[in-house]
Amino acid sequence: MSKEIAKIGVVTTSDRASAGVYEDLSGKAIIDTLNDYLKSPFEVVYRCISDDKEIIETTLKELVDNEKCCLVVTTGGTGPALRDVTPEATEAVCDRMMPGFGELMRSVSLQYVPTAILSRQTAGLRGSSLIVNLPGKPKSIRECLDVVFPAIPYCIDLMEGPYLETNEEVIKAFRPKK
């Protein structure tokens, strides 16, 4: 169990937000949610980039390999539109995929909107980091993180990353009893 300060990447993939056409509310929603969830100190490494597969891949590699983020959370680019390529970029840079994250997020999203079946969120491991793709709507971000985040600190533990302590009044991390 490492006591270092966790670095968490937050990536918004949006042609319009990255061009300044509108404010990136989705990236802010992820950061706000992490601030609610985590008691342990962490540093956010934020990027807002275009929906370009090569740029997404380069950004994910930079955050994991160079910035040493134990967790990278993306938002946007998970739908069926032609420019929605975040899952493909994620799969291209990951060593192993974690399909349960996407399955659970779609399952919970279906309780709110029938179009959740159009979402292609996924998650994977690169080195000793977890990359999780979230949808682009701020409300959906919280709904999805609420169901998958309890498993994230233990996943980081298993990869010998920094210890993520949650604010148990908001969300409780699941760690098996030893």
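A nonpolar core is a set of buried Ala, Val, Leu, Ile, Met, Phe, Trp, Tyr and Cys residues joined through side-chain atoms within 4.5 Å, and buried means under 20% relative accessible area, with exposed over 50% and partly exposed in between (1.4 Å probe, protein chains only). The model is predicted: local features need pLDDT of at least 70, side-chain atom pairs count only at pLDDT 80 or more, and totals for chains, interfaces and linings use all residues. Residues are numbered from 1 along each chain as its sequence is written, and side-chain values use heavy atoms, leaving out hydrogens and water.

**View A. The largest nonpolar core has 30 residues.** Leu-71, Leu-130, Val-132, Leu-134, Phe-149 and Ile-152 have the most contacts inside it. Among the elements that each supply at least two residues of this core are strand 1, helix 2, strand 6 (129-134) and helix 7; helices (H or I, at least four residues) and strands (E, at least two) are DSSP runs, numbered from the N terminus. Look at Ile-152: setting aside neighbours within four places in sequence, Ile-152 is in contact (heavy atoms within 4.5 Å) with Leu-71, Phe-101, Leu-130 and Val-132. A second, separate core of 14 residues includes Val-11, Val-45, Ile-49 and Cys-69.

**View B. Here is the structure's 1 aromatic pair.** Tyr-37 and Phe-149 sit 4.8 Å apart, centre to centre, and their planes make an angle of 45 degrees, so the pair is tilted. (Rings of Phe, Tyr and Trp, its six-membered ring, pair if their centres lie within 6.5 Å; planes under 30 degrees apart are stacked, over 60 edge-to-face and the rest tilted.) Tyr-37 belongs to helix 2 (residues 25-37) and Phe-149 to the loop between helix 6 (138-148) and helix 7 (152-158), so the pair ties together parts 112 residues apart in sequence. Tyr-37 is buried, at 0% relative accessible area, and Phe-149 is buried at 0% too.

**View C. Lys-68 has a positive phi, near 65 degrees, and isn't a glycine.** Most residues other than glycine have a negative phi. You'll find Lys-68 in the loop between helix 3 (53-66) and strand 3. Lys-68 is exposed, with a relative accessible area of 57%.

**View D. Glu-160 has a positive phi as well, near 60 degrees.** Glu-160 turns up in the segment after helix 7. With a relative accessible area of 72%, Glu-160 is exposed.
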